[in-house]
Amino acid sequence: MSLKRLNIRGISYSQTQNGAYALVLKEVDGSRQLPIVIGAFEAQSIAIALEKELSPPRPLTHDLFKSFAQRFSIVVKQVIIHKLVDGVFYSSLICERDKIEEIIDARTSDAIALAVRFNAPVFTYENILEEAGIQQHIKPDKELDIKELGSEKMIDELISSATKEANDYSRFTLPELNKMLSEAVSNENYELAVQIRDEISKR
């Protein structure tokens with residue numbers, strides 16, 4: 001079975017499960033998109049890894065895994081979404097240490113969070129795209145700006161609104177917004193921080 005490479009298209013609220021998010025992956029050189037339901041923590045972790053301007057004061061779980069792996073010279077080479085059973089996606093981390101390759105089972109949300117941190121490509125099989133991929137356009141809460149980063153296309157900005165109702169920050173001054181942004185990052189409220197950062201960017 002042929003492997004198809006995927007890029008992250010965006011994250012939006014899941015329309016099938018309350019309190020969950022839909023991670024949308026899009027095939028490279030194709031029009032099919034693969035929506036995967038993930039939890040709020042994993043969605044936040046992926047968003048933080050993709051967001052260049054936010055730096056958590058303490059490492060998140062996936063950041064800790066990366067530091068641990070790097071300390072022992074382990075590299076995540078790629079992620080493969082290899083199975084779909086009853087709507088659940090199964091993934092593997094392809095890791096390498098001292099030129100020895102190991103395959104580690106992982107939840108797809110964790111695998112993607114690590115792939116972003118290791119700048120590792122994500123693949124799935126053609127039969128999974130045939131079964132679960134959709135052709136119609138999924139529009140996240142906010143359009144994504146995509147830029148070229150080396151030979152990889154990475155997302156410059158990711159949807160990460162914390163609530164369905166947008167907060168109005170237009171009444172605050174820039175110094176107030178910068179103070180609020182600093183406090184949000186210090187409190188590890190990254191979803192709020194992204195909203196405030198977006199308002200600052202508009203100015």
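## A first pairing

Which residue of β3 stands opposite A22? In this predicted model, the residue facing A22 is V37 of β3. The pair belongs to a stretch where β2, residues 21-27, runs antiparallel to β3, with 6 bridges between the two strands.

## The sheet as a whole

Let's step back to the whole sheet. It is open and mixed in its pairing, and its 7 strands follow the order β3-β2-β1-β7-β4-β5-β6. The edge positions belong to β3 (33-38) and β6 (100-107); each has a single partner strand, so one side of each has no neighbour in the sheet. On average, neighbouring strands are turned by 35 degrees against each other, with direction ignored.

As a reminder, backbone hydrogen bonds hold paired strands of a sheet together, in either a parallel or an antiparallel arrangement.

## Around strand β7

Continuing along the order, β1 (residues 3-13) also pairs with β7 (residues 122-125), again in the antiparallel sense, through 4 bridges.

On to β4 (residues 75-85), which pairs with β7 in the parallel sense over 3 bridges. Here V79 has V122 as its bridge partner in β7.

What about the side chains of β7, and are they buried or exposed? V122 and T124 point one way, F123 and Y125 point the other way, and all of them are buried.

Now for the helices. At what angle do the axes of α2 and α3 cross? Helix α2 covers residues 61-71 and helix α3 covers residues 108-118; their axes come within 10 Å and cross at roughly 60 degrees. The two are therefore oblique to each other, and their crossing is right-handed.

On the α2 side, the contact is made by H62, D63, F65, K66, A69 and Q70, while α3 contributes D110, A113, L114, R117 and F118. By class, the residues of this contact divide into 5 nonpolar, 2 polar and 4 charged.

Leaving aside residues up to four places away in sequence, A113 touches S45, I46 and H62. H62 is also one of the α2 residues in the contact with α3.

How many residues apart in sequence are A113 and I46? They are separated by 67 residues along the chain, yet their C-alpha atoms are 4.9 Å apart in space.

I46 and S45 are among the buried residues of α1, together with E42, A43, Q44, A47, I48 and L50. Helix α1 spans residues 40-50 and is mostly covered, with 8 of its 11 residues buried.

Note on methods:
Residues numbered from 1 in each chain as written. Predicted model: local features only at pLDDT ≥ 70, side-chain atom pairs only at ≥ 80, totals over all residues. Heavy atoms only, no water. Axes fitted to C-alpha atoms, helices over the stretch in contact; angles between N-to-C directions. Parallel < 35°, antiparallel > 145°, perpendicular 65-115°, else oblique. Left-handed = near helix turned anticlockwise from the far one by under 90°. Contact = heavy atoms within 4.5 Å. Nonpolar A, V, L, I, M, F, W, Y, C, P; charged D, E, K, R; others polar. Pairing = 2+ DSSP bridges. Buried < 20%, exposed > 50% of the residue type's maximum accessible area, 1.4 Å probe, protein only.
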